[in-house]
Amino acid sequence: MEKVRLDPNQLPPMPVALVGTLAEGLANFMAAAWITRVTIKPPRIGVGINHRQWTHGRIQETGAFSLCFPGPDLVEKTDYCGLASGRNADKSAVFDVYYGDTPGAPLIRECPLCFEVVLDQAVDLATHTFFIGEIKTVWADDAIVADGKIAVEKWNPLLLTMPDNRYWTLGNHVADAWSVGKALKKGEAK
Ligand SMILES: Cc1cc2nc3c(=O)[nH]c(=O)nc-3n(C[C@H](O)[C@H](O)[C@H](O)COP(=O)(O)O)c2cc1C
């Protein structure tokens, strides 16, 4: 197979979230996909946010944010939250908002999975800040939970690909992680 060189701005598919913040008592939500889990204990997650986003200053002010993961039914509203800025648009009524334990982390009732996150570190990267926070509480619809865990086959997260800028849903279960490679690992030890 021929290998071709590409522009470095290529990415694998990413789950899409809505980053919820609070500004003067009003909830604001922005679409985000540059999100990754960074540690397990404590459960930390990071999100890369451009300095120009309204959300950026709100996280700095309150030290908190939420991450709510929409399904494909919310694709239009999610995209709107990635097009309009809280600087000049009131996005507080786009979703049915509720609160858990963290006052600066508004949550979205229509999203099957939401995290309340308290800011831990902010890594400044010139155009963006990588906000790392601790996941304090997780809320899930009981319909997507089995044995106290998210049952992915019952859930339908929204994914994004870039730079073609398209939304997708999840494909098929291929194999079990930390498991399917065991036979090869045994071979390695011989
Ligand atoms: C699908 C999607 C994903 C996005 N991901 C990010 C992201 O990870 N980081 C970021 O800074 N902006 C991202 N954006 C852009 C912001 O959502 C957009 O600029 C938004 O209007 C900012 O809202 P705010 O000004 O109310 O914070 C994304 C937009 C879309 C449509």
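**Close-up views of a predicted model**

**View 1. The hairpin of S4 and S5.** S4 connects to S5 by a hairpin of four residues. Strand S4 covers residues 35-39 and strand S5 residues 44-50; the two run antiparallel and are joined by four bridges. Arg37 has Ile45 in S5 as its bridge partner. Strands (E, at least two residues) and helices (H or I, at least four) are DSSP runs numbered from the N terminus, and two strands pair if DSSP finds at least two bridges between them. This is a predicted model, in which local features need pLDDT of at least 70 and side-chain atom pairs count only at pLDDT 80 or more, while totals for chains, interfaces and linings use all residues. Residues are numbered from 1 along each chain as its sequence is written, and side-chain values use heavy atoms, with hydrogens and water left out.

**View 2. Two cis peptide bonds.** Most peptide bonds are trans, and most residues other than glycine have a negative phi. Lys41 and Pro42 are joined by a cis peptide bond with omega about -5°. Pro42 belongs to the loop between S4 and S5. Another cis peptide bond, with omega about 10°, links Met162 to Pro163. Pro163 is in the loop between strand S13 (158-161) and strand S14 (166-169).

View 3. Glu24 is a residue other than glycine with a positive phi, near 50°. Glu24 is located in the loop between strand S2 (17-23) and strand S3 (26-32). Its relative accessibility is 84%, so Glu24 counts as exposed. Here exposed means over 50% relative accessible area, buried under 20% and partly exposed in between (1.4 Å probe, protein chains only). Asn165, in the loop between S13 and S14, has a positive phi near 55°. Asn165 is also exposed, at 53% relative accessible area.

View 4. Around the ligand are 22 residues, of which Ala31, Thr55, Ser85, Gly86 and Lys91 come nearest; a residue is near if one of its heavy atoms lies within 4 Å. At least two residues of this shell come from each of S3, S5, helix H1 (54-62) and helix H2 (75-83).

**View 5. Atom pairs at the ligand.** An N or O atom in the side chain of Gln53 is 3.0 Å from a nitrogen atom of the ligand. A backbone N or O atom of Trp54 is 2.9 Å from a ligand oxygen atom. For Ala84, a backbone N or O atom is also 2.9 Å from an oxygen atom of the ligand. The protein buries 86% of the 650 Å² that the ligand exposes when taken alone (Shrake-Rupley method, 1.4 Å probe).

Definitions and conventions: A polar contact is a pair of N or O atoms within 3.5 Å; within protein, one must be able to donate a hydrogen and the other to accept it, and residues adjacent in sequence count only if both atoms are side-chain atoms.
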